[in-house]
Amino acid sequence: MNHLINDCTNLIYEIREKNPLIHNITNYVTVNDCANAVLAIGASPIMADDNAEVEEIVSMSSALVINMGTLNQRTIASMIMAGKKANELNIPVVLDPVGVGASTLRNKTVQEILSQVKIDVIRGNLSEISFLTGFKASTRGVDTAMVDEKNDAVGIAKLISNRYSCVVGITGKVDIISDGIRFAKVANGNKLLSKVTGIGCMTSALVGSFCGVTKDYYTATVSGIATMGISGEIAFEKAEAMGTGSFHVSIIDALSNMNSTLFLERCKIDETKY
Amino acid sequence: MNHLINDCTNLIYEIREKNPLIHNITNYVTVNDCANAVLAIGASPIMADDNAEVEEIVSMSSALVINMGTLNQRTIASMIMAGKKANELNIPVVLDPVGVGASTLRNKTVQEILSQVKIDVIRGNLSEISFLTGFKASTRGVDTAMVDEKNDAVGIAKLISNRYSCVVGITGKVDIISDGIRFAKVANGNKLLSKVTGIGCMTSALVGSFCGVTKDYYTATVSGIATMGISGEIAFEKAEAMGTGSFHVSIIDALSNMNSTLFLERCKIDETKY
Amino acid sequence: MNHLINDCTNLIYEIREKNPLIHNITNYVTVNDCANAVLAIGASPIMADDNAEVEEIVSMSSALVINMGTLNQRTIASMIMAGKKANELNIPVVLDPVGVGASTLRNKTVQEILSQVKIDVIRGNLSEISFLTGFKASTRGVDTAMVDEKNDAVGIAKLISNRYSCVVGITGKVDIISDGIRFAKVANGNKLLSKVTGIGCMTSALVGSFCGVTKDYYTATVSGIATMGISGEIAFEKAEAMGTGSFHVSIIDALSNMNSTLFLERCKIDETKY
């Protein structure tokens, strides 16, 4: 555990040193927040989604984040094209299966992406990730991140991690991150985070940002998820009395002030190996 | 009137209890604000616009909001498809005819929507709503919400309300809401609201949110419009000295702090029946 | 020089008096900020990009801003169509070639636009503008605005300005604006501006806003660029201690508080003629 936290704090430092370029194919609801979150943590965002350019864009990037928030036929093709190119060049690919379970389009798309692209990290809430197992879970909108079924989440993370040979990050009251062997629990965050749109999307963009500076995607995922949790706590302390608009702004503030010392002081990360 | 205000304050309470899912097919300019406004008032937003999924998404929602802000051929088809499915399932449909009168595309689209979908609430500014009557009105951009022609507005609201058997909400210096029989005037709000983009869009999203918890769409429309007006006043008090960026943030803050007591204290609602 | 600054301060005043309508065909990442920046400085934004309506929309506007941030086939056609119509009606056209050099799509698109549309102002960072000369420059994402090669920038501005008979605005540590004969240097701004997405896009939208109230596009470009630089400085003073989320909000605040006196007091504009 000390080892994991130590590795995370190193990544917090390295991301500002290396300033990796992160390619995001994402949704039009939270895209501005995602770009600003990536900048705030020390990476550089590039948002491009046309199939005539995504292969070139991903080729110059250090990581690719695919976010299914506002899917459409045009961007699905771009996601797969960019993902395949990233695989070819050993560029890490993070998938955020936003709202999977809510429509046949989303269900088919996630299956198509998983069958055609080697995904390095899948980040979602419990209902989204459990859909991938075939387990039933009611997906209700895209903001139902607060589920507290810790035991199930561990089992689901293990299953999906092994099936797709990837890291899985399930965010909720307690976040679960696994590479199939190691299981980290992150207890940072707070309930107000579910009252701002895009927290999940930003978290995935942060995970992608950290994947841009290490080949250890498990640690990158823990870092990204814990960074958002800690920032949410700091923002809550500063802005809860004002309202969710100010809280939203304070999250970006906190991300931009994040550093290794602060991370070390605040993180609530616990690890088990099986 | 006391009855109306009482019903509005009940809706303010119920929306946080019932947390309805609100499907928005909207524009890419103000979509983030709309999602955050819906969350702030206690509902849950889902923004999906591909014709391959809108029928499924609307089927699990409590209301549908169609916003014409950045129309394109792809989403026009989705709007109509989602609207028809909502009609079939008795899910309320709110239409925000953003910028109608400004282009043939918008004019044709609003007519097509109104001929194919039973709309429950139309919310717009005076120039937009009066276009629907065939009356002439200059539409200049989408931010000209401040028109003070109270008498005309009442007549226009009545005409449109009767023609389409729907509730009409005309926002301006004084807002007019009518179901053809009752006419409510809401005198909340202030001029700075016209200096932030998306106030009209957010108002329509709020109206949709309230329609998600009652079959009385007239009261839902009054509630949504008055909620934005009151929030604008509170935001003005807090942030006017800082500038429109802070004012924008404070509007979301105020929405997230809205409750029945505050609404009752602040609302300036007046009702007439003919 | 006194003459130039004097003309700029007049434009700051006039834009709030005349409230020109500015048509933006732009990207979905920063579109909300662009609309709010245009409103904050005293103009009115209209964001419309479907080829079925852009000719009508541009015809009622005082300027057109074409921003290549998130290019796709659908909007490229709209950009050219709107640009041609603007040329026909003598409406000024501002081009922001976001990310040119980063993909073949962007390179071809900028060439196609420049060959089919008479552009009045090109605004970009040094890597983007130098791509247009055939000079080599590494484009890395869209946030690398901080380049300090003053001498090259002057030569590049002159070359591009003469080749396309347009005003060129190159933003960086020191901004260079030229109409091929006059060269203005603007030394306002600060490094934190590169940590918020959309500063370049907003600057181009401001330049478009000023072009909406004068035929002197050189002065309009200096005004737009200096307005953003000054606003960045004011925002830095207010919000740097908080973080980039608050800094972002404070930029819009500062734009909304901008006036001729403040501009005169703060601007660092220097001019040379050759």
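Predicted model: local features only at pLDDT ≥ 70, side-chain atom pairs only at ≥ 80, totals over all residues.
**Entry 1: the A–C contact.** I looked up the contact between chain A and chain C. It takes 27 residues from chain A and 27 residues from chain C. I then asked which elements of chain A give two or more residues to the side that touches chain C. They are helix H2 (31-41), strand S2 (44-47), helix H3 (54-59) and helix H10 (244-257) of chain A. H10(A) gives the largest share of that side, 8 residues. I noted the make-up of the chain A side as 16 nonpolar, 6 polar and 5 charged residues.

**Entry 2: strand S2 of chain C.** Next I checked S2(C), residues 44-47, for burial. Both of its faces are covered. Ser44(C) and Ile46(C) are buried on one side, Pro45(C) and Met47(C) on the other. S2(C) pairs with strand S1 (residues 21-25) of chain C in the parallel sense, over 4 bridges. I traced one bridge: Asn24(C) has Met47(C) in S2(C) as its partner. I also followed the chain from S1(C) through helix H2 (residues 31-41) of chain C to S2(C), and this β-α-β crossover is right-handed.

**Entry 3: the sheet of chain A.** I went back to chain A for its sheet. The sheet is open, has 9 strands and runs S2-S1-S3-S4-S5-S6-S7-S8-S9, with mixed pairing. Which strands are at the edges? S2 and strand S9 (269-273) of chain A are, each pairing on one side only. I recorded an average twist of 20° from one strand to the next.

**Entry 4: S7 and S8 of chain A.** I picked out strand S7 (residues 175-178) and strand S8 (residues 182-186) of chain A, which pair in the antiparallel sense over 4 bridges. Here Ile176(A) stands opposite Lys185(A) in S8(A).

Conventions. Residues numbered from 1 in each chain as written. Chains lettered and ligands numbered in written order. Contact = placed C-beta atoms within 7 Å. Nonpolar A, V, L, I, M, F, W, Y, C, P; charged D, E, K, R; others polar. Buried ≥ 20, exposed ≤ 12 C-beta atoms within 10 Å, placed from the backbone. Pairing = 2+ DSSP bridges. Right-handed = clockwise from strand over helix to strand, strands pointing away. Axes fitted to C-alpha atoms, helices over the stretch in contact; angles between N-to-C directions.
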